[in-house]
Amino acid sequence: MIVTILDVVIAGLLMGGIYALIAMGLSLQYGVARVLNIAHGEFIMIGAFITWSLYTIVGINPLVSLAICGPIVFIIGFILYRTIFTRLRDASASPAAFEGSSMLACFGLLFIIQNVAILIWGADIKGYSYLAFPVNFAGTVFAANRLLTLVFALFIGSVFYLFLARTRLGKGIRAAAQDPAAAGLMGVNIKQVLALCFGFGALMAGFGGTLISMSYNIQPTMGLEYTVIAFIVIVLGGLGSIPGSFIGGLLLGLVGSIVTHIEPGLSLVAYYIIFMLLLLAKPTGILGK
Amino acid sequence: MDIIKAVSKKPFELGFLLFILIVLATLPLYAPEYAVVLLTSILMYIIITVSWTMFSGPTGYISLAPAAFFGIGVYTSALLALVLPLPVVIGIGGLAGFCLALLVGALTLRLRGIYFVMFTFGLVELLLHFILWWEVNISGTTGRVVPTVANATVYYILLIIFSLLMLTTYLLRNSKFGIALQSIGEFEEAAAHRGINVNVLKTIIFAISALFMGAAGAIMATRWTYIDPKIAFNPLISFMPVLMAIFGGIRYLYGPVIGAAFFAYVEEFLITRFPYHYMLIFGVIMLVAILYMPDGLVGLIQKLWKRTSGETDAVT
């Protein structure tokens with residue numbers, strides 16, 4: 001019995017670590033840059049496929065790929081914000097209008113990125129085996145790559161939180177989240193900071209993609225599912241709250257693991273029911289103001 | 001009343017519309033089969049887009065639930081088409097969409113902006129995964145077969161739904177309810193203070209728009225013959241009307257019609273010639289439309305028209 005509970009809890013945390021990481025990225029993009037990025041999962045997919053290519057073709061260790069994928073996806077995100085979203089932001093009459101039009105632009109990006117990926121890598125499911133040996137942990141057994149995924153997700157998440165909390169740039173980002181206009185008057189280069197935020201959001205997605213590819217199968221259409229999960233997590237944790245996304249991600253992982261243990265096909269259904277109940281009962285989330 | 005007023009004011013425009021309707025109605029008599037099939041899919045997109053715009057256009061609430069209402073219609077057809085006559089099935093399909101929207105509308109009254117978008121999108125995925133699980137684990141089927149109907153019948157039924165929809169949209173736009181809906185989109189609190197029952201109005205218009213989507217889904221199911229939850233609740237059905245309406249021009253009566261007709265034709269054209277690139281080209285068109293044509297195709301044409309002829313803005 002205790003072993004079963006431990007089994008379920010650890011499996012939940014392993015999944016939750018990835019959820020937390022990708023949700024933090026989305027939270028940054030929506031909470032600060034005000035872009036409801038429907039294409040978030042596509043950045044995850046890019047990260048996963050670059051890692052897969054580097055491992056199967058060149059033989060580069062996936063952990064090294066973290067340092068390669070991250071910057072690539074960051075640059076893509078940064079350039080996209082400077083070209084598309086800055087323009088939309090300037091043309092929009094109100095923040096609400098920008099939210100609407102930027103979300104629609106993200107739909108366009110979703111189609112473009114997904115289909116470019118299908119052209120490059122084909123539509124098939126892909127995967128590779130890396131550190132797939134079993135590890136015993138207090139009577140439960142897990143693949144080593146999953147544990148490694150959790151460790152890295154927690155590490156990246158903490159480093160990022162410290163970056164936001166302790167550095168000067170982090171302070172600028174938090175200021176921009178509270179009030180972009182006032183932050184601009186205080187000397188924050190607002191366009192640059194918003195673009196950086198979008199880039200950092202993509203960076204987290206890229207890291208997430210690399211970690212996902214280590215223990216799960218990947219395919220070019222995988223993005224939307226992760227995007228939806230990331231949405232559920234940021235609503236659960238409170239829109240725009242980075243610690244909230246982190247805790248929310250782990251929580252949702254746990255819920256998923258419990259439901260999967262009881263009735264395997266229903267974990268996604270359970271996510272949506274939680275999501276919808278939450279939107280109705282407390283749309284500001286567990287840590288929201 | 002409104003119709004009589006409109007006839008006396010715009011006899012030419014009404015005559016032109018009647019002419020188009022007659023051409024469309026007699027089309028299966030002389031046009032090749034392919035034209036009818038093509039027009040069927042164009043009509044389907046027009047119906048979904050116009051009914052989406054009926055609610056989301058004036059209020060500014062971006063609903064990503066069309067796939068849910070359409071899918072409920074498709075599934076009604078899959079369950080009942082073998083036992084009930086077609087018109088009844090379509091009626092029930094529309095009613096199913098209506099009831100679902102009524103429920104969703106009543107639940108989401110308090111949600112605004114991005115929360116509403118996310119809730120409606122979650123609804124589609126919830127229905128898809130729940131019905132998928134139900135089919136696999138409870139009823140033990142993975143797909144269902146719908147009896148086929150003659151192409152011309154499908155076409156005529158869609159044409160009837162389309163005509164009813166356009167009439168409803170036109171009457172709504174020119175009624176006090178249409179103006180009330182518009183004022184909700186501009187400033188919801190102010191609209192409520194003016195004595196508009198904001199929540200009831202939003203819910204009812206949302207449900208009426210879902211009625212048409214459900215009915216369209218019920219008849220389109222007969223075209224596909226094989227139905228499973230992933231076909232019925234395809235999220236693309238939710239994204240397309242948003243894209244089509246914005247591309248055509250969300251503020252104009254004919255904008256969504258033109259946007260949907262254009263895209264449905266482009267889709268057909270691209271699928272046959274560039275089967276591997278068409279979604280990519282779609283994405284590019286969408287981005288360009290949002291970046292450079294905020295008022296849509298109709299808005300762009302009117303702007304050009306104004307520049308060349310110096311006339312004032314035509315109210316459509």
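pLDDT is the predictor's confidence in each residue, from 0 to 100. Chain B of this predicted model averages a pLDDT of 84, and 94% of its residues score at least 70. The complex receives an ipTM of 0.80 and a pTM of 0.83 from the predictor. Residues are numbered from 1 along each chain as its sequence is written, and chains are lettered from A and ligands numbered from 1 in the order in which they are written. As the model is predicted, local features need pLDDT of at least 70 and side-chain atom pairs count only at pLDDT 80 or more, while totals for chains, interfaces and linings use all residues.

**Figure 1. Overall fold of chain A.**
Chain A has eleven helices and two strands. Helices (H or I, at least four residues) and strands (E, at least two) are DSSP runs, numbered from the N terminus. Along the sequence the pattern reads α-α-α-α-β-β-α-α-α-α-α-α-α. The C-alpha trace spans about 55 × 45 × 35 Å along its principal axes. The radius of gyration of chain A is 19 Å, which agrees with the value near 19 Å for a compact globule of 289 residues. That radius is taken over C-alpha atoms, and the globule rule is 2.2 Å times the number of residues to the power 0.38. Of the 289 residues in chain A, 53% are buried. Buried means 20 or more other C-beta atoms within 10 Å of the residue's own, exposed means 12 or fewer, and partly exposed lies in between, with C-beta atoms placed from the backbone. Among chain A contacts between residues at least 6 apart in sequence, 78% join residues at least 24 apart. Two residues are in contact if their C-beta atoms, placed from the backbone, lie within 7 Å.

**Figure 2. The side of chain A that touches chain B.**
33 residues of chain A are in contact with 31 residues of chain B. On the chain A side, helices H3 (62-91), H4 (95-121), H9 (223-237) and H11 (267-281) each supply at least two residues. H4(A) gives the largest share, 14 residues. By class, this side has 26 nonpolar, five polar and two charged residues. Here Ala, Val, Leu, Ile, Met, Phe, Trp, Tyr, Cys and Pro count as nonpolar, Asp, Glu, Lys and Arg as charged, and the others, Gly among them, as polar.

**Figure 3. Leu158(B) in the largest nonpolar core.**
A nonpolar core is a set of buried Ala, Val, Leu, Ile, Met, Phe, Trp, Tyr and Cys residues joined through C-beta atoms within 7 Å. The largest one holds 196 residues. Ile22(A), Ile47(B), Leu158(B) and Ala216(B) touch the most other members. Beyond its neighbours within four places in sequence, Leu158(B) is in contact with Thr40(B), Leu43(B), Met44(B), Ile47(B), Ala216(B) and Ile219(B).

**Figure 4. The loop at Tyr61(B).**
Tyr61(B) lies between helix H3 (33-59) and helix H4 (66-80) of chain B. Tyr61(B) counts as buried because 20 C-beta neighbours lie inside 10 Å. Neighbours within four places in sequence aside, Tyr61(B) is in contact with Phe55(B), Ser56(B) and Phe116(B). Tyr61(B) and Leu111(B) are 50 residues apart in sequence, and their C-alpha atoms are 9.8 Å apart.

**Figure 5. Two loop residues with positive phi.**
Most residues other than glycine have a negative phi. Arg34(A), not a glycine, has a positive phi of about 60°. Arg34(A) sits in the loop between helix H1 (2-31) and helix H2 (40-58) of chain A. With 24 C-beta neighbours inside 10 Å, Arg34(A) counts as buried. Thr225(B) also is not a glycine and has a positive phi of about 60°. Thr225(B) is exposed, with 12 other C-beta atoms within 10 Å.
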